2 protein chains.
Amino acid sequence: MRYVSSAPTGGSTTTKSPLASGKWVRLEKTTYVDAAGTTRIWETAKRTTRRSTTTADGVGIIAVLKRTLHKDCMVLVKQFRPPLGCHTLEFPAGLIDDNETAEAAALRELKEETGYKGEVVGITPVTCLDPGLSNCTTYIVTVNINGDDPDNLHPSQKLEFVEVILLPLDEFQKKIDELLQREDVVMDSKVYIYAMGITQAFAKPKELPVLKQ
Amino acid sequence: MRYVSSAPTGGSTTTKSPLASGKWVRLEKTTYVDAAGTTRIWETAKRTTRRSTTTADGVGIIAVLKRTLHKDCMVLVKQFRPPLGCHTLEFPAGLIDDNETAEAAALRELKEETGYKGEVVGITPVTCLDPGLSNCTTYIVTVNINGDDPDNLHPSQKLEFVEVILLPLDEFQKKIDELLQREDVVMDSKVYIYAMGITQAFAKPKELPVLKQ
């Protein structure tokens with residue numbers, strides 16, 4: 001189940017010299033040796049905020065709101081993002097605090113951004129977000145929210161300027177596309193790809209390959 | 001299906017002043033006005049390479065290899081990524097060239113990185129990759145590869161140092177986890193989340209919510 005190219009894929013980083021450092025982000029010139037032994041330069045963005053106690057910058061939270069007599073809903077957040085100069089629709093997410101576990105960070109960020117009290121049901125290994133540009137990494141934490149819990153009947157979030165958007169899980173892709181039609185927002189790639197994964201699985205669970213002539 | 005916070009989510013960007021500019025990446029101080037009218041500062045990483053003819057920096061490619069008498073396979077690439085200083089497992093991806101459509105960029109990058117000739121079957125709207133850090137955006141292009149096509153029997157990729165890895169679609173999550181156990185690689189969040197979406201859909205297609213007391 002694997003096809004290996006003839007070229008080796010080795011490589012190693014040698015030096016990192018800062019081009020500029022802001023309060024939260026720094027731009028770095030990364031010198032590395034590729035698998036052929038050639039020394040090359042890469043430009044890398046890094047957060048200055050990564051804690052020594054964790055291997056990831058932050059957490060992304062796939063939160064499902066479960067309520068009696070309601071469809072299960074994905075919990076998303078809409079907010080203005082200065083880097084893009086527009087609003088985005090994302091999974092709740094945030095940076096991991098000092099001496100905080102990823103699970104604790106996920107429940108804290110979920111509470112702050114949406115008001116919901118959740119329960120962690122899964123966590124991924126460390127994953128990268130844009131590995132051609134930055135060293136930024138995240139855990140994806142799966143959280144269930146018991147919407148029948150009195151604490152979750154009237155969620156009140158702590159963060160200003162964040163709008164909570166609930167979309168039914170069984171029509172996630174369709175509802176995302178409808179939302180993009182009527183609102184001027186940019187969707188985070190992870191949200192869209194999660195919906196594509198669900199659609200892929202539902203649409204063609206057992207279909208045999210149909211090949212073109 | 002929507003719960004709107006009491007706070008407005010407005011915001012607007014005012015000025016952007018460079019902190020530093022490399023050849024490929026620049027670090028920018030973004031001044032913006034939040035929804036309460038307060039002027040604030042954000043630090044943003046931007047690629048210097050975005051073309052004026054497109055609204056996205058690049059493409060990510062969800063490519064499925066379809067062959068008679070084989071399971072459908074996801075096509076992934078393993079490569080050394082200087083920003084992380086280690087190897088990653090990602091969807092094939094790349095930047096969009098001048099005057100190139102996203103679809104053409106996807107087929108070109110797929111061919112370069114994996115040797116496969118594909119056919120575009122879908123494309124998402126523009127999506128963002130790490131909107132708290134950068135303005136970087138991508139289209140996700142879905143591509144089918146006819147593995148029975150003579151051109152695809154012995155794929156030869158053009159890029160050095162990229163290893164092509166095929167994982168069966170019907171066990172994608174399981175095979176990813178096995179690979180992470182035996183290899184020292186960081187998985188791209190989009191790959192992992194696509195697998196999670198498929199698993200989510202297969203595992204509990206019709207399950208009723210079971211709530212805790």
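These are my notebook entries on what I looked up in the predicted model of this two-chain structure.

**Ground rules**

I worked from a predicted model, in which local features need pLDDT of at least 70 and side-chain atom pairs count only at pLDDT 80 or more, while totals for chains, interfaces and linings use all residues. I kept to residue numbers that run from 1 along each chain as its sequence is written, to chains lettered from A and ligands numbered from 1 in the order in which they are written, and to side-chain values that use heavy atoms, with hydrogens and water left out.

**Entry 1: how the chains are related**

**Entry 2: chain A as a whole**

I recorded three helices and 13 strands in chain A, where helices (H or I, at least four residues) and strands (E, at least two) are DSSP runs numbered from the N terminus. Of its 213 residues, 55% count as buried; buried means under 20% relative accessible area, exposed over 50%, and partly exposed in between, with a 1.4 Å probe and protein chains only. Among contacts (heavy atoms within 4.5 Å) in chain A between residues at least 6 apart in sequence, 55% join residues at least 24 apart. Chain A exposes about 9,300 Å², and carbon and sulfur atoms supply 52% of it; the areas come from the Shrake-Rupley method with a 1.4 Å probe, and for residues only the protein chains shown count as cover.

**Entry 3: aromatic pairs**

I used the rule that rings of Phe, Tyr and Trp (its six-membered ring) pair if their centres lie within 6.5 Å, with planes under 30 degrees apart counted as stacked, over 60 as edge-to-face and the rest as tilted. The count by this rule is eight aromatic pairs over all chains. In one of them, the rings of Phe80(A) and Tyr32(B) have centres 6.0 Å apart and planes at 35 degrees, so the pair is tilted. Phe80(A) belongs to strand 6 (residues 73-81) of chain A and Tyr32(B) to strand 3 (residues 25-34) of chain B, so this pair joins two chains. Both Phe80(A) and Tyr32(B) are buried.

I also looked at Phe91(B) and Tyr194(B), an edge-to-face pair at 6.0 Å centre to centre with 80 degrees between the planes. This pair links distant parts of the chain, 103 residues apart, with Phe91(B) in the loop between strand 7 and strand 8 (93-95) of chain B and Tyr194(B) in helix 3 (residues 189-203) of chain B. Phe91(B) is buried at a relative accessible area of 6%, and Tyr194(B) is buried at 3%. Finally, I noted that Tyr32(A), Trp42(A) and Phe80(B) form one aromatic cluster.

**Entry 4: Glu90(B)**

I found Glu90(B) in strand 7 (residues 86-90) of chain B, and it counts as buried at 4% relative accessibility. Its side chain makes a polar contact with the side chain of Arg81(B) at 2.8 Å; such a contact is a pair of N or O atoms within 3.5 Å, where within protein one must be able to donate a hydrogen and the other to accept it, and residues adjacent in sequence count only if both atoms are side-chain atoms. Leaving aside neighbours within four places in sequence, the contacts of Glu90(B) include Pro131(A), Asp188(B) and Val191(B).

**Entry 5: Thr137(A)**

I placed Thr137(A) in strand 11 (residues 137-146) of chain A and noted that it counts as buried at 5% relative accessibility. The side chain of Thr137(A) reaches the backbone oxygen of Thr55(A) at 3.2 Å. Not counting residues up to four places away in sequence, Thr137(A) touches several residues, among them Arg50(A), Cys128(A) and Leu84(B).
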